[in-house]
Structures are given as structure tokens and as C-alpha cells.
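Here is a briefing on one protein chain. It covers confidence, helix packing and a pocket.

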Amino acid sequence: MSTVQIELMERIHNIEQFVINLHNIYAFVCQISFFILCEYLLVNDDLPDKKANKYVVVALSTILFYSVVGYFAARMRDIYQRNPTHITTTITPSLTNYVKWLCKIVLEWAKAVVVVLCLREHGLQYNPRLIYSLITFIYYLCTERICVEAFSQFIEAMDIGKLENLEHLYVPLFMNLLAIAMGFTIGVYNLYVNYSNFIPLSLYFMVYLRTKDVYYNYWQLLLFEIEAYSNFHVATRKEIDDRDDICAVCLNRMSNARITPCNHLFHPYCLKQCLRTSLYCPLCKQYLIEVLQRRVK
């Protein structure tokens with residue numbers, strides 16, 4: 001491959017990464033493409049004909065309604081995060097706090113219902129098939145950033161030990177793979193039923209670019225973090241008892257811990273949160289990569 005071709009490929013790659021990093025715009029393009037192809041597949045008419053505008057209207061209406069749900073789901077998440085009852089404290093939350101919190105959540109969902117009803121009253125007719133709603137809503141959840149983040153936080157709260165506090169990578173990786181599989185299935189089947197120039201373009205965004213997104217922004221980073229995290233071996237019960245110390249990040253006592261190369265103990269979750277933003281030890285501020293390199297030598 002010549003130098004010119006290599007430079008051209010690098011430029012194309014950089015442009016594609018730029019498009020992928022425009023998260024909201026990129027997600028919108030994928031969603032509108034998927035929704036149009038899904039409606040076309042269920043109706044089974046010719047895509048380039050006069051009904052093409054109808055598919056676009058249905059797709060845009062679908063995104064509008066899902067965006068309303070997504071917005072209020074984000075508001076509900078913010079209420080949950082600000083609520084002190086979900087944080088472990090020495091003070092037991094009162095029943096009044098729980099009731100206030102639940103009322104806020106119910107109120108937000110009531111607002112969402114009111115907005116949807118108002119849209120319908122003002123002439124926006126949206127009566128999708130059940131199978132269409134099910135497929136498109138799953139795809140929306142897998143491609144909408146706020147939904148992916150919410151699922152990651154939910155799985156993180158479950159504290160699954162095998163994930164080793166890498167939920168922020170495992171969950172988006174799985175959801176993006178599901179979106180790729182759904183986009184590939186819908187796109188290829190539409191190609192088989194009735195070819196249109198719109199379908200390969202949709203596959204480029206839904207499958208090719210999303211595959212690059214998964215590989216460069218999740219898979220490689222996941223492998224790197226697994227390799228880096230494996231250097232912090234799990235502290236034994238004896239090591240924790242001998243130190244008789246607290247985690248320097250959250251200031252709570254430790255029943256399980258990881259040991260850094262500079263010989264400091266932290267909760268696995270606390271250490272992982274610190275490593276997301278810095279590769280320096282949270283306690284002694286040594287650069288952990290340099291410590292590991294000296295140990296290898």
C-alpha cells in the first residue's frame with residue numbers, strides 16, 4: 001500500500017471517529033435509519049416510491065415519543081442520584097424521605113404521559129404496530145447514550161464481582177453489539193426483499209461505523225483496563241487484617257481490597273473510579289505505570 005493510500009485511509013478513519021464522537025447526531029442517524037427500515041420491512045412496500053415520506057414521518061414520530069420518555073427517564077435518574085436514601089450512611093433515612101423521593105419519580109412519569117397526550121391532541125397521530133414498537137424501543141435503548149449510561153449505573157449498583165468494576169465498558173459493549181446485530185439483520189433482510197441505495201448507506205452507519213466504535217472505544221479500552229487492573233492483586237483476609245486500615249478514597253473500612261504496586265490498599269470500586277481519571281496512586285501519588293515497570297526490571 002502506497003504512502004498516499006495510507007494517508008487517505010488515516011484521514012478517512014479520523015473523519016469516521018469524529019462522526020462517531022458526535023454521539024447525539026450519530027445516534028440520531030442510526031436510529032432514523034433503523035426505524036425507516038423497520039417500518040418498511042413490516043409494511044413491505046417499495047422504499048423509493050411515494051410512501052417513502054410516510055416512513056420518514058413514522059420514524060421521526062417514533063424518535064420524538066422515545067425522546068420524551070428518555071428525557072423524563074434522565075430526570076428520574078437525576079432525582080435518584082440526588083436522593084440521599086440510596087447512599088450508605090450512618091443515618092437511617094426516614095419514611096418521609098422515601099415518600100418524597102417516590103412522589104418526585106411518579107410526578108416525572110406523570111409529566112411524560114401529559115406531554116405524550118398533548119402531542120396526540122395537537123394532531124400528531126402515532127399508532128405503531130406492537131412488534132414495531134418493541135423492536136425500535138430496544139434499538140433506541142441500545143443506541144441512546146443516556147439509556148446506556150443508566151443501564152451501566154444499574155449494573156454497577158448490583159456489584160457483580162466478576163465484572164471487576166468494569167461495568168462502564170462491559171454494558172456499552174454488549175448494548176452496542178446488540179444494536180449491530182439488529183441493524184445488520186434489518187438491513188440485510190431489506191436488501192434481500194427489495195434493494196434501495198438507502199439500505200447500504202444505512203448499513204454503513206448502523207453496522208460498519210458502530211463496529212469501529214465498539215472496537216476502538218470499548219473493546220481496546222476494556223482489554224487495556226483488564227491488563228492494568230490485573231496488576232493490582234486481590235488482598236487476602238490476613239493482609240487486610242494486618243493493615244487494620246480504612247480505604248483512603250471513601251474512608252470506610254475494607255472487607256475486600258486491591259493492593260497497588262506501591263503497596264497501598266483500596267476498595268476495588270474506589271480504586272477503579274480513581275484509575276478512570278488518573279494513573280497515579282490516590283494516596284502517595286506515585287505513577288503506577290512506572291512502579292510496575294521497575295518491578296518488571
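Confidence in the protein chain is highest in H5, at a mean of 91, and lowest in helix H11 (residues 288-296), at 55. pLDDT is the predictor's confidence in each residue, from 0 to 100. This is a predicted model: local features need pLDDT of at least 70, side-chain atom pairs count only at pLDDT 80 or more, and totals for chains, interfaces and linings use all residues. Residues are numbered from 1 along each chain as its sequence is written, and side-chain values use heavy atoms, without hydrogens and water.

**Confidence**
- The chain averages a pLDDT of 77, and 74% of the residues score at least 70.
- Residues 84-93 stay under 50, with seven contacts (heavy atoms within 4.5 Å) beyond four places in sequence.
- Where pLDDT is low, the predicted coordinates should not be read in detail.

**Helix packing**
- Helices are DSSP runs (H or I, at least four residues), numbered from the N terminus.
- Axes are lines fitted to C-alpha atoms over the stretch in contact, and angles run from 0 to 180 degrees between N-to-C directions.
- The axes of H5 (residues 130-143) and H6 (residues 145-158) come within 5 Å and cross at roughly 75 degrees.
- H5 is therefore roughly perpendicular (65 to 115 degrees) to H6.
- H5 contributes Tyr-140, Leu-141, Cys-142 and Thr-143 to the contact; H6 contributes Arg-145, Cys-147, Val-148 and Phe-151.
- H1 and H8 pack at about 95 degrees, with axes 10 Å apart.
- That contact includes His-13 and Glu-16 of H1, and Tyr-204 and Lys-212 of H8.
- It has six nonpolar (Ala, Val, Leu, Ile, Met, Phe, Trp, Tyr, Cys, Pro), three charged (Asp, Glu, Lys, Arg) and four polar residues (the others, Gly among them).

**Second largest pocket**
- A pocket is an open set of points on a 1 Å grid where a 1.4 Å probe fits, with protein on both sides within 12 Å along at least five of seven lines; lining residues have an atom within 4 Å of a point.
- The second largest pocket holds about 610 Å³, the space filled by probe spheres set on the points.
- Of its 30 lining residues, the closest to the centre are His-23, Arg-145, Val-148, Glu-149 and Tyr-218.
- The lining divides into 10 nonpolar, 12 polar and eight charged residues.

How values were computed. Helices (H or I, at least four residues) and strands (E, at least two) are DSSP runs, numbered from the N terminus. Angles under 35 degrees count as roughly parallel, over 145 as roughly antiparallel, 65 to 115 as roughly perpendicular and the rest as oblique.
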